[in-house]
Amino acid sequence: MRLGDGGYRPAYNGQYTTDVDSGLVVGVAVTNVGSDMGQLGPAVDRIRAHYGRAPAEFLADGGYVTLAEIDELSACGTTLYAPPMTRPARADGPARRVDNPVVAEWRGRMDTPEAQVIYRKRAATAEWVNALARNRGLQQFRVRGLDKVRSILLWFALAHNLDRTLARRAGAAG
């Protein structure tokens with residue numbers, strides 16, 4: 001994969017899917033693809049397989065979203081909150097593709113203050129879980145292979161969920 005320093009080295013792209021209200025990790029995946037693009041659909045499919053239904057709402061980083069996945073999420077009843085991709089202005093050249101009604105609705109929704117408030121919650125969930133994993137030592141994988149890396153990510157998710165559950169119980173008791 002291409003890394004932050006511009007070089008290419010063997011690497012893995014770990015994905016945690018988290019619940020906004022509880023802070024629990026509800027999905028884990030790993031790929032050896034450097035881009036997050038196209039990972040949104042598989043994340044929703046994992047949730048649907050584990051919990052029997054698609055989520056009502058989904059917060060995602062802009063790098064995850066493809067226009068086809070927006071259509072798929074809408075078809076299964078999931079409202080997506082993700083920043084729209086910017087479209088560069090074209091002075092000369094072919095006309096831009098016109099958005100279909102589902103994509104146009106998503107773009108319009110994300111321009112509202114309400115959607116922007118909802119989207120801000122993503123940093124307190126997804127980014128928080130990743131930061132905690134790094135603080136707990138998940139800096140690099142010392143194993144090879146997608147299955148082994150996924151096992152490590154699952155151990156971190158299990159530890160995180162146990163910690164969150166104990167904290168929520170202590171808060172409810174106090």
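Contact here means heavy atoms within 4.5 Å. The structure is a predicted model, in which local features need pLDDT of at least 70 and side-chain atom pairs count only at pLDDT 80 or more, whereas totals for chains, interfaces and linings use all residues. Residues are numbered from 1 along each chain as its sequence is written, and side-chain values use heavy atoms, with hydrogens and water left out. The protein chain comes to five helices and four strands, where helices (H or I, at least four residues) and strands (E, at least two) are DSSP runs numbered from the N terminus.

**Overall architecture**

- Read from the N terminus, the elements of the protein chain follow the order β-β-α-β-α-β-α-α-α, and its C-alpha atoms fill a box of roughly 55 × 45 × 25 Å along the principal axes.
- Of the 174 residues in the protein chain, 33% count as buried, a class that means under 20% relative accessible area, with exposed meaning over 50% and partly exposed in between (1.4 Å probe, protein chains only).
- Among contacts in the protein chain with a separation of 6 or more, 53% come from residues 24 or more positions apart.

**Surface and charge**

- The protein chain has an accessible surface of about 10,900 Å², and carbon and sulfur atoms hold 54% of that surface; the areas come from the Shrake-Rupley method with a 1.4 Å probe, and for residues only the protein chains shown count as cover.
- There are 23 positive and 18 negative side chains in the protein chain, and the centres of these two sets lie 7 Å apart.
- For this count Lys and Arg are positive and Asp and Glu negative, while His and the chain ends are not counted; the place of a charge is NZ of Lys, CZ of Arg, CG of Asp or CD of Glu.

**Helix H4**

- Helix H4 (residues 113–135) has 23 residues and reaches 33 Å from its first C-alpha to its last, close to the 33 Å expected at 1.5 Å a residue, the expected span being 1.5 Å times one less than the number of residues.
- A kink of about 35° in H4 is centred on tryptophan 128, the bend at a residue being the angle between axes fitted to the seven residues ending there and the seven starting there.
- Buried residues of H4 include Tyr119, Arg122, Val129 and Leu132, and the cover over the buried residues of this helix includes strands E1 (13–18) and E2 (25–31) as well as helices H3 (101–110) and H5 (146–173).
- Just after H4, glycine 137 takes a positive phi of about 105°.

- Helix H1 (residues 40–51) has twelve residues and reaches 17 Å between its first and last C-alpha, close to the 16 Å expected at 1.5 Å a residue, and glycine 52, which follows H1, has a positive phi near 80°.
- The buried residues of H1 are Leu40, Gly41, Ala43, Val44, Arg46 and Ile47, and they pack against E1, E2, E3, helix H2 (67–75) and E4.
- Glutamine 39 lies in the loop between E2 and H1, and glutamine 39 counts as buried because its relative accessibility is 12%.
- Leaving aside neighbours within four places in sequence, glutamine 39 is in contact with Thr31, Tyr64 and Glu69.

- Alanine 68, in helix H2, is partly exposed, with a relative accessible area of 45%; alanine 68 and valine 103 are 35 residues apart in sequence and 9.0 Å apart in space, C-alpha to C-alpha.
- Arginine 2, in the segment before E1, is exposed, with a relative accessible area of 53%; leaving aside neighbours within four places in sequence, arginine 2 is in contact with Gly7 and Tyr8.
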